[in-house]
Protein chains: 2
Amino acid sequence: MAAMNRRIVLASRPHGEPTPAHFRLEESRVPSVRAGEVLLRTRWLSLDPYMRGRMSAAKSYAAPVAIGEPMTGGTVSEVVESDNPDFPVGSLVSAFGGWQDFSTSDGTGLQRIDPALAPPTTALGILGMPGMTAYTGLLTIGRPKPGETVVVAAAAGPVGSLVGQIARLKGARAVGIAGGPDKCRYLTEELGFDAAVDHRGEDLPASLAAACPKGIDVYFENVGGPVFDAVLPLLNDFARMPVCGLVAGYNATELPPGPDRSPTLMRMVLTKRLRIQGFIVWDFSDQIEAFLRDVGGWLKEGRVTYREDVVEGLENAPEAFIGLLKGRNFGKLIVHVS
Amino acid sequence: MAAMNRRIVLASRPHGEPTPAHFRLEESRVPSVRAGEVLLRTRWLSLDPYMRGRMSAAKSYAAPVAIGEPMTGGTVSEVVESDNPDFPVGSLVSAFGGWQDFSTSDGTGLQRIDPALAPPTTALGILGMPGMTAYTGLLTIGRPKPGETVVVAAAAGPVGSLVGQIARLKGARAVGIAGGPDKCRYLTEELGFDAAVDHRGEDLPASLAAACPKGIDVYFENVGGPVFDAVLPLLNDFARMPVCGLVAGYNATELPPGPDRSPTLMRMVLTKRLRIQGFIVWDFSDQIEAFLRDVGGWLKEGRVTYREDVVEGLENAPEAFIGLLKGRNFGKLIVHVS
């Protein structure tokens, strides 16, 4: 076991895009285990867009990371010391270990992982927080009906890819928006999306309209920005919009120039009787068993699939995270820590 | 019976505020009754904000009134000729007779009114479309829980006044926004609202914040504009916003200047997990029996009340309607036609 704990702390709060200078790699002593606790060694660290919010001091649904503290993050960790009989040494758990080699826990929030059921990293993706975000938001708020059209952006990512696949399983038409021809091909050829639209292509509004000849009934909102603008005019009456992320705006330093389009948005809400509803996955924590049963079952049966983008080494997490916000990853972004 | 049918037609489409010049009083022959039809004489005509939308060609949930055609509108009408056994001569009905003395109908959409149960004009207000708008939007989308705070604007009007009273009946705290001290006094002293805020007062955001010390859980949106702006920062996590009208913007000729605040609105939807949902009353037409039973019962028991603002004479409808859009009415605006 390494004697030192490498950890990546928040060095300063970014104004706009984060750069490597906003992070700092430190070494500290491996924390010691107190009564009832376990010592966890991080095997894999999940990188997710919500972490950009934690770097800011702005009020949100979770407290910001303090300057000088390790970045928070979901991990697959191995129990290397244990004073907690629920989590014996050698067991794998999903945890919130953060961007570091070692962390301690009294067991709160830990989930045992059975590597015989699925690869452990799925606990950070399709069987973890991103998968459950897709499952709960789509089915509880979006409620796609057979024959309806479901649109999702960042569709090659862990949330979007499952949104589209579940939409298909429910008999809806899935249209994915992604950046570049490789991702778009992946959507239609490997994931079974009915259509894919490249948001880096020439005329996003026209391409999206062509891909949605019967309009849009469910827009699973995780990006905002130009995609949101292209979606709005295509929404059908009674369309539903679960909102779990707005990554296109996470680095914004000021509001877009005028005019103020919020009255237009509200007028559309009224005349089309839209339902726009924000959520975070923990709002639906009572659905975790149904989620694991359904998505776990579909995964075993080969009815849903996923893709991972694995980066080697904790020290590369900042750069990988910066790339994530620019859409550089292809699949669930994971750091292999040890 | 008058030999002529006076009717007020849409003379031209307003750009901005309607003026009397956008309407024209015409006389035409009283329409003749065909097989299965009834001839209706308008007794009372309802004036409602949604009619501003019908004067515009912009796409909405209902087709615009054609130039030269009578303005549409709900009426309490008397059957004066009948070839339809369901509606004998002398019976009172609620109808969509429009802004005119006479109309015909094959019975579609007509509802018999029993004047022994409640004054017939309630069919245009608390027991009609405005009342059902309040009832369905508040209870189906807003879902106030005991102890929560419900805010509604245009609170002395037929929709807002019932929203607040039902909120109180459900154990919630009702805060009404209205224009001027008379209306505000009416809210707290006659309708039992917990607080009233005068939007013509000095600092609406501060006054509203003072009236809502525990934030806002349900905002029943029927006005938009500065009230919406004052409400947004006060919304609690998981607040619900039924949207049935945006009357502050109905006469707008252009969008407000920048910056574009729609990203701010969407960010608030996400971080506070808001639910914003548009509706029109007909979306909930399956609730009409529950509505009449509940609100009719409360009205009979004296647990809810209402106020009417009655204008004499069809010829005064345009001016009264123009005043409605400026908040000049005090209670449900009705034209006594004959």
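Is Ser262(A) buried or exposed? At 5% relative accessibility, Ser262(A) is buried, because the cut-off for buried is under 20%. This is a predicted model.

**Around Ser262(A)**
- Ser262(A) sits in helix H7 of chain A, which covers residues 262–271.
- Leaving aside residues up to four places away in sequence, Ser262(A) touches Asp260(B), Arg261(B), Ser262(B) and Leu265(B).

**The sheet**
- Twelve strands make up an open sheet with mixed pairing.
- Its order is E10(A)-E9(A)-E8(A)-E11(A)-E12(A)-E13(A)-E13(B)-E12(B)-E11(B)-E8(B)-E9(B)-E10(B).
- Strand E10 (195–198) of chain A and strand E10 (195–198) of chain B stand at the edges. Each has a single partner strand, so one side of each lacks a neighbour in the sheet.
- On average, neighbouring strands of this sheet are turned by 15° against each other, direction ignored.
- Strand E13 (residues 275–278) of chain A and strand E13 (residues 275–278) of chain B run antiparallel, joined by three bridges.
- Ile276(A) has Ile276(B) as its bridge partner in E13(B).

**Helices across the strands**
- Helix H5 (residues 204–211) of chain A lies across E8, E9, E10 and E11 of chain A. Helix H5 of chain A runs at about 180° to E10(A).
- Helix H7 (residues 262–271) of chain B lies across E12 and E13 of both chain A and chain B. Helix H7 of chain B runs at about 60° to E13(A).

**The core**
- The largest nonpolar core has 85 residues. Those with the most contacts inside it include Leu208(A), Tyr219(A), Leu208(B) and Tyr219(B).
- Tyr219(A) touches several residues beyond four places away in sequence, among them Val151(A), Phe228(A), Leu235(A) and Pro242(A).

Note on methods
Residues are numbered from 1 along each chain as its sequence is written. Chains are lettered from A and ligands numbered from 1 in the order in which they are written. This is a predicted model: local features need pLDDT of at least 70, side-chain atom pairs count only at pLDDT 80 or more; totals for chains, interfaces and linings use all residues. Side-chain values use heavy atoms; hydrogens and water are left out. Helices (H or I, at least four residues) and strands (E, at least two) are DSSP runs, numbered from the N terminus. Buried means under 20% relative accessible area, exposed over 50%, partly exposed in between (1.4 Å probe, protein chains only). Contact means heavy atoms within 4.5 Å. A nonpolar core is a set of buried Ala, Val, Leu, Ile, Met, Phe, Trp, Tyr and Cys residues joined through side-chain atoms within 4.5 Å. Two strands pair if DSSP finds at least two bridges between them. Axes are lines fitted to C-alpha atoms, for helices over the stretch in contact, and angles run from 0 to 180 degrees between N-to-C directions.
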